[in-house]
Amino acid sequence: MGLKSGSRDAGLDESDKEVERPTEQEQEVSDVDVEKERTDTSSDESEEVDSESTTESESVSQRPTMDSLPYKLRRDKVNEGREQVPYFLREEIIEGEDELQDTLEEMLGENVYKSDYREAAMVAAQRNPELIAEVLREWGYDLDAV
């Protein structure tokens, strides 16, 4: 049974069977080259991975955490994280709060919540107790008994 003209018997062509094989020495040299290439490539890949993981860990460590954000930016509500501590104020102190708020808003260029400037005043007092002692002396504290 013959084949039609132009058709080909796939895989049975005699020229495909005669593949030139490298000598044993050529094969060893070729294997060494392939292994060296793999080592070089994997070394480069390893350096890239190390570089990527270092960059990634650096960027993760450089991301701000919620605790590193200022209180105003990390809260959802004005009084978040605050306890309500009622205290008594005299009339002139309450009237002075509006002026203080206006001054602070002018200095900061934005609205300031009453809770924020009251708490900030307490923080400033805690950081500067000598200023509080001065006001308390005006009110009669630390008087020498005569």
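Let's start near the end of the chain. Aspartate 142 is exposed, at 56% relative accessible area. On that scale, exposed means over 50%, buried means under 20%, and partly exposed lies in between, with a 1.4 Å probe and protein chains only. Aspartate 142 sits in the segment after helix H6 (129-138). Its phi is near 65 degrees, a positive value in a residue other than glycine.

A word on the source. This is a predicted model, where local features need pLDDT of at least 70 and side-chain atom pairs count only at pLDDT 80 or more, while totals for chains, interfaces and linings use all residues. Residues are numbered from 1 along each chain as its sequence is written, and side-chain values use heavy atoms, with hydrogens and water left out.

Now the whole chain. How many helices and strands does it have? The protein chain has 6 helices and 0 strands. Along the sequence the pattern reads α-α-α-α-α-α. Helices here are DSSP runs (H or I, at least four residues), strands are E runs of at least two, and numbering goes from the N terminus.

Of the 146 residues, 6% count as buried. The accessible surface is about 13,800 Å², and 51% of it belongs to carbon and sulfur atoms. Those areas come from the Shrake-Rupley method with a 1.4 Å probe; for residues, only the protein chains shown count as cover.

Next, contacts, meaning heavy atoms within 4.5 Å. Take those between residues at least 6 apart in sequence: 39% join residues at least 24 apart.

On to two arginines. Both arginine 75 and arginine 82 lie in the loop between H3 and H4. Are they buried or exposed? Arginine 75 counts as buried, at 11% relative accessibility. Arginine 82 counts as buried too, at 18%.

What does arginine 75 pair with? Its side chain makes a polar contact of 2.7 Å with the side chain of aspartate 116. A polar contact is a pair of N or O atoms within 3.5 Å; within protein, one must be able to donate a hydrogen and the other to accept it, and residues adjacent in sequence count only if both atoms are side-chain atoms. Leaving out residues up to four places away in sequence, arginine 75 touches Glu80, Arg82, Tyr113 and Asp116.

Arginine 82 has a polar contact of its own, side chain to side chain with glutamate 119, at 2.9 Å. The arginine 82 side chain also reaches the backbone oxygen of valine 78, at 3.0 Å. Beyond neighbours within four places, arginine 82 is in contact with Tyr71, Arg75, Ser115, Asp116 and Glu119.

Last, a helix pair. The axes of H4 (residues 91-108) and H5 (residues 114-127) come within 11 Å and cross at roughly 95 degrees. H4 contributes Glu97, Leu100, Gln101 and Leu104 to the contact, and H5 contributes Lys114, Tyr117 and Arg118.

Technical notes:
Axes are lines fitted to C-alpha atoms, for helices over the stretch in contact, and angles run from 0 to 180 degrees between N-to-C directions.
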